[in-house]
Amino acid sequence: MTIAASSPTPETLQGPPDDQTVERMAGVIAQNVRSFRLRQGLSLDRLAQLSGTDRKTLAEIEAGSLHADIATLWTVAKALDIPFSGLLNSGHGTGTTVIRRAGSAPLASRDGLLTSRALFPFKGERQVEFYELRLSPGADEHADGHPPGTVENLLVARGSVEVTTGDGDYRLEEGDAILFEADVPHRYRHVGEGEAILYLVMSYLL
């Protein structure tokens, strides 16, 4: 492997996930939701109708005053017909990016039993996304279908989970992996003891 002498200086994301980090993410999401909505000529009322999210919630997301849960953001992204990462995108960048755990602000499910941490920089458009999922005991997350052609590849790094796809239920133990079409409703359920850790690669149709 050859490394060019003029390689860009690495960009490092670091620091604790303090209120400032959380507020910054909420601001990025707010800007992107509004930008995509206006670009598609949608009113708040129309986006509310398409996503099944009430208008007040959407207005608060666009104002950056609401830290929406994963499920709500997924429904908004689906209604806008964009990848989930489109809501997190903060511009374009090149070179190397280090993503520090301490500087991350994971998104959570409504009950807080599942968290999702992006393992890719929020810059530029992409067709593949990489996430770390953590499920606490009792976690049972139902996900709506993603855009047509979306595929999920999931690896269990710790614990036991049950994944329900359009083809049925599959129990996965540590080290097991599964690949499935995710454009239909699916489900992740914690079935073991202790925290379960999963790594998810999501691919969108080009």
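Thr72 counts as buried, because its relative accessibility is 7%; buried means under 20% relative accessible area, exposed means over 50%, and partly exposed lies in between (1.4 Å probe, protein chains only). Thr72 is found in helix α4. Helices (H or I, at least four residues) and strands (E, at least two) are DSSP runs, numbered from the N terminus. Apart from residues up to four places away in sequence, Thr72 touches Thr53, Thr57, Ile61 and Arg110, where contact means heavy atoms within 4.5 Å.

The structure is a predicted model, in which local features need pLDDT of at least 70 and side-chain atom pairs count only at pLDDT 80 or more, while totals for chains, interfaces and linings use all residues. Residues are numbered from 1 along each chain as its sequence is written, and side-chain values use heavy atoms, with hydrogens and water left out.

The protein chain contains 4 helices and 12 strands. Of its 206 residues, 42% count as buried. Among the contacts in the protein chain with a separation of 6 or more, 68% are between residues 24 or more positions apart.

The discussion now turns to the helices. Helix α1 (residues 19-39) and helix α4 (residues 70-80) have axes that come within 10 Å and cross at roughly 25°. Axes are lines fitted to C-alpha atoms, for helices over the stretch in contact, and angles run from 0 to 180 degrees between N-to-C directions. The helices α1 and α4 are therefore roughly parallel to each other; angles under 35 degrees count as roughly parallel, over 145 as roughly antiparallel, 65 to 115 as roughly perpendicular and the rest as oblique. The crossing of α1 past α4 is left-handed, a term that applies if the near helix is turned anticlockwise from the far one by less than a right angle, whereas clockwise is right-handed.

Where these two helices meet, α1 contributes Ile29, Val33, Phe36 and Arg37, and α4 contributes Leu73, Val76 and Leu80. The residues of this contact divide into 6 nonpolar, no polar and 1 charged. In this classification, Ala, Val, Leu, Ile, Met, Phe, Trp, Tyr, Cys and Pro count as nonpolar, Asp, Glu, Lys and Arg as charged, and the others, Gly among them, as polar.

Helix α1 also meets helix α3 (residues 55-63): the two axes come within 6 Å and cross at roughly 120°. Here Ile29, Ala30, Val33, Arg34 and Arg37 in α1 meet Ile61, Glu62 and Ala63 in α3. By class, the contact of α1 with α3 has 5 nonpolar, no polar and 3 charged residues. Another residue of helix α1 is Asn32, which is buried, with a relative accessible area of 11%. With neighbours within four places in sequence set aside, Asn32 is in contact with Gly86, Leu87, Leu88 and Asn89.

The aromatic residues form a further topic. The structure holds 4 aromatic pairs; rings of Phe, Tyr and Trp (its six-membered ring) pair if their centres lie within 6.5 Å, and planes under 30 degrees apart count as stacked, over 60 as edge-to-face and the rest as tilted. The ring centres of Phe120 and Tyr131 are 5.4 Å apart and their planes stand at 85°, so this pair is edge-to-face. Phe120 lies in the loop between β4 (114-118) and β5 (128-135), and Tyr131 lies in strand β5, 11 residues apart. Both Phe120 and Tyr131 are buried. Together with Trp74 and Phe84, they form one aromatic cluster.

A second example, the pair of Phe130 and Tyr199, is tilted, with 6.3 Å from centre to centre and 40° between the planes. Because Phe130 lies in strand β5 and Tyr199 in strand β12 (residues 196-203), this pair ties together parts that are 69 residues apart in sequence. Phe130 counts as partly exposed, at 34% relative accessibility, and Tyr199 is partly exposed, with a relative accessible area of 25%.

At 64% relative accessibility, Pro148 counts as exposed. Pro148 and Val184 are 36 residues apart in sequence, and their C-alpha atoms are 8.5 Å apart in space. Leaving aside neighbours within four places in sequence, Pro148 is in contact with Asp183 and Leu205.
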